[in-house]
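Here are my notes on the model, as numbered points. Please read them with the structure open.

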Amino acid sequence: MSESEKPVSLQSYIRLCAVVFLVVVCTTSAMIATSFSHIGEGWTLKVALILAIAVVNAFLVAGYLMHLLSEKKLIYTVLAFTVFFFIGLMGLTLWATNGFPPGTASH
Amino acid sequence: MEIPYTVQNRPDTGIYNAKLGIWLFLASEVMLFGGLFSAYILLRVGAEPGMWPHGWLNVTLGTVNTLLLALSAITTLLAWAACKVRDFTKFKIFHACTILLALTFLGIKSYEYHDKLIHYEIALANGKFADGHLVEKSADFDLAKKTGTVTLHGHIVEDRKELMDLRSPEAQAAKHDEITIAATDIKKMENYGPKHNTFTAIYFTLTGLHALHILGGTVVIFYFWAFGGAMWKTDPERFTNRIEVSGLFWHFVDLVWIFLFPVLYLT
Amino acid sequence: MQATVQQFPPFREGAAHPAHDDHGHHEHHEPNFWQKYIFSTDHKVIGIQYGFMSLCFMLFGFFLMMLMRWQIAHPGVPVPVLGPLLGKICGPMAAGGAISPDLYNSFGAMHGTIMVFLGVVPLAFAAFGNYVVPLMIGAPDMTFPRINMASFHAFFLGGVVMLVSFFIPGGAAQAGWTSYSPLASTIPTNGQAFWLVGMVLLITSSLLGAVNFIATIIQLRAPGMTWMRMPFFVWAQFVTAFILLLAFPPLEAAGVLQLMDNVAHTSFFLPTGLAVGGQLADRSGGGSPLLWQHLFWFLGHPEVYVLILPAMGIVAEVIANNTRKPLWGYKSLVYSALFVGFLSFIVWAHHMYLTGMGQKIATFFQTTTMIISVPSVIILTCMFLSLWGGSIRINTPMLFALGFLPMFGIGGLTGLPLGLAAADLYLHDTYYVIAHFHYVVAPGTIFALFAGVYFWFPKITGRKMNEFWGRVHFWCSFVFMNLVFMPMFAQGIKGMLRRMSDGAVNYSAARVPNAIDTLPGSVMELNTWILWAAIALGVAQIPFIINLFWSISHGEKVENDNPWDATTLDWQTPTPPPHGNFAHEPIVLRGPYEYSAPGHATDFTPQDEAEGPSAPRTPTAHH
C-alpha cells in the first residue's frame, strides 16, 4: 500500500460513495428511459445513447471505485495496450466480416 | 526466503506485486469479454431482419440487480477503507453486506434463468406458434408417443416474427390466457434455453460466465471475511492489500454488468 | 530509472514481517516427496516439472506423426510393430492395425494440439522461463509462487483431459488443431468437447503463468537490473508473456462458445440452414463460422511468436556466450522483439484469405504481415552479425543455436508468399504451408530448445551432458529434419493438399491422366522418403534421451558454478541454485554481455562482479 496517500477517513469515503451511487442511480434511470422512449428510427440511435450512458457509468466505477484516476503510470500503460488490442480485435473482426465483396455470402 | 514487495511498493513502479498481478489479470479479462462482446455484435448484426429479439428480459429484475451490484461495489470500497483506518468491525459489517448483496444477485439471476427455462415456444401442426410459460404437463404427456396434453399461459401467433419484438404495440396488446395443447398437435416444442436462438445463447453464456465471476468473487471475499482475522492481527497492511485487490476484481465484475445490462435487457 | 534504482530499500524485507520470522526452523524438517516434487512452489522445481512433462508430450506428439507418415506413405496398410496395440486402444477406428481416415484426422488434430499447446509452449515459455528468468534478473523466486504451482497443475490437468480423449468412444477431436466450425460441432464424437475443456485448462494455465512472469520481471529485478541491462532472453519472455496474456483470452471465449455449441447445442458458429449428413441440422442457426476463425487466429498468429520469441532468446544467450563478445545490436534486438509482440496482434487474418474477404481488409492484413517480417529479420540479422569476428567456441548448445539460424531463416522466408493473398490462394492448404511452419517450429524453435537444454543442464544438475553424443544428436537431427521437411515444399508447390489421409493417392488418381494438375509419381514417391527420414529422425533422438537421463548421475561434473564462463546472473548462483536462489544479494553493475572487455583479467565480466568499473565497450578492439 502506498504511504504517499493522504490520511484517510472513513467519512470521506462514505461521502464519495454516496455521490457515486446517486450518479449510478441517475444514469441507470436515464438508460431505461432512453430504452423505452421513441427517439430515432429503430434502435440505432437509442443503442448509441444507451451505450454512451453506460460508458459514463463505467468511467465512474473504474475511475473512483477502482481508484484508477490516481493510479500509477505502469498500470495505465498496461491498460492502454489492452484497450488498443481490444479495439483491434473488435474493429478488425467487424471490418473483415462486413467487408465482403458484393454478391458473396458474408457468413 | 522472502519475496520482495509483497506488502511495500517497489520504488520505481510505485505498486506492490499483487496489485500489478490483479491489473494484469483484469487486462486479460477485458480481452476475454472483448471476444464475447465481439461475438454478441456479430450475431446481432448478422441476424436476419426482424429476428433479433427485443424486450425478452425482465427490465425490473435487471434494474434491481444493477443496483444490487452497484451497492455491493460500494460496500466493497468501504470495507477496504475500513481496513485502511484499521477498523476491523466496520470491515466485517461492510463485507457482510457485500456477500449478502452478491447472493441476492445470484438468487434473482437464477429466478430469471428458471423463468426462461419454463418458457416454451411450440410449433403447431397447423403452422401457428403457441408461446408462453408452462403451467402443467398432463401425467401421460409424451411428445414422442404423441400422448397427453400440455398447458401454457400465453398466446398463439401466426408468425414467429411476432414473438421477437415484445416491446412492439402489437405484442403489448396481446392477450395471454391458459392454452391447452394436445401432443398430437405439436410439431416441435422448445423452451427458451440456450439453444433456442442466438440471443438466448449469448444471453445464457454471457450472464452465466458473469455469474461464475460473481460466485468466484464471493467465495474469495467470504474467505477473507471469515478467516482473515489471523492475518489482520499479524499483518494488517498485507490484509488491507488483499482486500484492495479482491475489491478491484469485484469492481471489474460490476463493470462487466454495467455493459451486460443495457446490451441484453435494454436494447 | 538508472539513477533511482540504486536507492532501493533492502532486498529482503524479513524484518518488516513478524509473521515470517519463523523462517529459520522451517529448514529443519525435510520436505517429503509430494511437497518437494508435486506441490512445490519453487520456480526451479516447477520449471523442471514443465520441462519433463512437455518433453514427454513432444515425444508422444512425434509418435502420432510417425503413425500418420506411415499412413500417408502406405495408405491402409497395417502399421508394423505398433499395429496390434493401436487396434486394441482405438478399436474399430484402427481395425486390423490399419489407420482409418477418422483416426488419421484425430491424430492430425492431436499432433498439432499436443506439439503446440502441450509441447513447445510449455517447454519454451513455462519450463525455461520458470527456471531461468528469476535467476537472470536476480529474484529469489517468482512473484506469486502458489499461483505458479496452480499454473502447472492446470497444465497437467489439461494434458490429462487431452490424453483421455483418445480413449472415449469415437476417439479424440478430429477437426484439426484449428477446430474450425461447423466441422468441429458436427463430427459425431465427444472428443471435441474434451479438446475444448482441455484447451480452457491450458489457457488458464498460460494466463496464470503470464501474469506471474510479467509481475516478476517488473517487480523483482535485483537492484541495478535496469531494463536495458536485462538479458535478451528475459526480454523475449516478457514480450511472450504479454502476448499470452492478451491474445489467449479471446480464444478462451471462443472455446467457451464452441463448448456451448457442442454441449448445449447453441449456434454461435453454425450458420442458418446447416445440413449434416444430408439432413437439416436441428439447430437454430444464425451463427457465424467466420467468428470462430477470427477468435482462433487472434490467438493463433500471436502464438507463432510465443513459439519463436523464447527460442530466439535462448539462441541469443548461447551465441553471446560462445562468441565471447557482446551481442551485436542489443537495443535493436529488444525493440524488434517489442515491435514484433505489438504487431503480432494485428496480422491474424492472413490465415483467412481463402474466406473470400474483401480486398481492402486483405490489403490491410497483407501490409501488417509484410511489416512484421522486418523486425523478425532484424533479430535474425543481429544474431548473424554477432558471429562476425568472434572466436567462436563450438559445443553442442552452440551447434544447435547455429543450426537454428538458417533453419528459422528458411521457415521465415518461405512464409512471405503466404502473407500475400494472391500467392496464398494457391499455396494455402497444401504441403507448402506444412513445410513452412514446421521449418519455423521444428528445426527452428525445437533446435533452440535443445540448445537451451544442453546449455542450462549443468546449472540444473551440476553435470554436463555428454559432448560426443550431443554432437551425434545435432548432426543427425539436422540432416533428417531437412530430409523430412524440404520435400514437402516440392509437394506443396506441385499442389498436393494437406490433411489427406491417403497421401493424395485418390486425389491424384481422380485427375485426368497427364493433365497439368496431376501429381507426378516423383511427388508421390516423396511420401516414402519422408517416412524413412522421419523414422531416422526419431532414432536420432535416442542418443538425446539416453544422454539426458544418464548425465544426471554420470555426466562430467562441472568444476565451478559457471562452467560456460557466462556473464548473466543465472550462472552466478550456487549449483544447483538452492531455495531462494542466491547465496548473497546480487547487485547488478553492468550490461548482460560484457564479454572480452579490454583490461579485464578474464574474457567475461559477470553482471554483479564487484571490482573495477564497468569496462567501456570498444568494438574496434575485437575486429
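1. The crossing of H17(C) and H19(C) is left-handed. This is a predicted model. In chain C, H17 spans residues 467-493 and H19 spans residues 521-554. Their axes lie 8 Å apart, and the packing angle is about 160°. Angles over 145 degrees count as roughly antiparallel, so H17(C) and H19(C) are roughly antiparallel to each other. The residues of this contact divide into 20 nonpolar and five polar, with no charged residues.

2. H1(B) covers residues 17-46, and H7(B) covers residues 236-266. The two axes come within 10 Å and cross at roughly 15°. Angles under 35 degrees count as roughly parallel, so H1(B) and H7(B) are roughly parallel to each other. H1(B) passes H7(B) in a right-handed crossing.

3. Which residues of H1(B) meet H7(B)? From H1(B) come Ala18(B), Lys19(B), Ile22(B), Leu26(B), Glu29(B), Phe33(B) and Tyr40(B). On the side of H7(B) they meet Asn241(B), Val245(B), Leu248(B), Phe249(B), Phe252(B), Val256(B) and Val263(B). By class, this contact has 11 nonpolar residues, one polar and two charged.

4. Now the domains of chain B. The assignment gives domain 1 as 37-116 + 197-266, and domain 2 as 120-191. The C-alpha centres of domain 1 of chain B and domain 2 of chain B are 35 Å apart. Six residues of domain 1 of chain B and five residues of domain 2 of chain B make up the contact. The side of domain 1 of chain B that touches domain 2 of chain B has three nonpolar and three polar residues, and no charged residues.

5. Chain A has three helices and zero strands. Read from the N terminus on, its elements run α-α-α. Of the 107 residues in chain A, 27% are buried. Chain A is divided too: domain 1 takes 9-71 and domain 2 takes 72-107. Over C-alpha atoms, 25 Å separate the centres of domain 1 of chain A and domain 2 of chain A.

6. How many residues of chain C are in contact with chain A? There are 17 residues on the chain C side, and they contact 15 residues of chain A. H9 (232-264), H10 (289-323) and H12 (359-387) of chain C are the elements that give two or more residues to the side of chain C that touches chain A. The largest share of that side, four residues, comes from H10(C). By class, the side of chain C that touches chain A has 12 nonpolar, four polar and one charged residues.

7. Next, chain C against chain B. Here 47 residues of chain C are in contact with 38 residues of chain B. Helix H8 (191-219), H9 and H10 of chain C each supply at least two residues of the side of chain C that touches chain B. Which helix gives the most to that side? H9(C) does, with 11 residues. The side of chain C that touches chain B has 28 nonpolar, 15 polar and four charged residues.

Terms used: Residues are numbered from 1 along each chain as its sequence is written. Chains are lettered from A and ligands numbered from 1 in the order in which they are written. This is a predicted model: local features need pLDDT of at least 70, side-chain atom pairs count only at pLDDT 80 or more; totals for chains, interfaces and linings use all residues. Domain bounds come from an automatic or database domain assignment. Axes are lines fitted to C-alpha atoms, for helices over the stretch in contact, and angles run from 0 to 180 degrees between N-to-C directions. Angles under 35 degrees count as roughly parallel, over 145 as roughly antiparallel, 65 to 115 as roughly perpendicular and the rest as oblique. A crossing is left-handed if the near helix is turned anticlockwise from the far one by less than a right angle, and right-handed if clockwise. Ala, Val, Leu, Ile, Met, Phe, Trp, Tyr, Cys and Pro count as nonpolar, Asp, Glu, Lys and Arg as charged, and the others, Gly among them, as polar. Two residues are in contact if their C-beta atoms, placed from the backbone, lie within 7 Å. A residue is buried if 20 or more other C-beta atoms lie within 10 Å of its own, exposed if 12 or fewer, and partly exposed in between; C-beta atoms are placed from the backbone.
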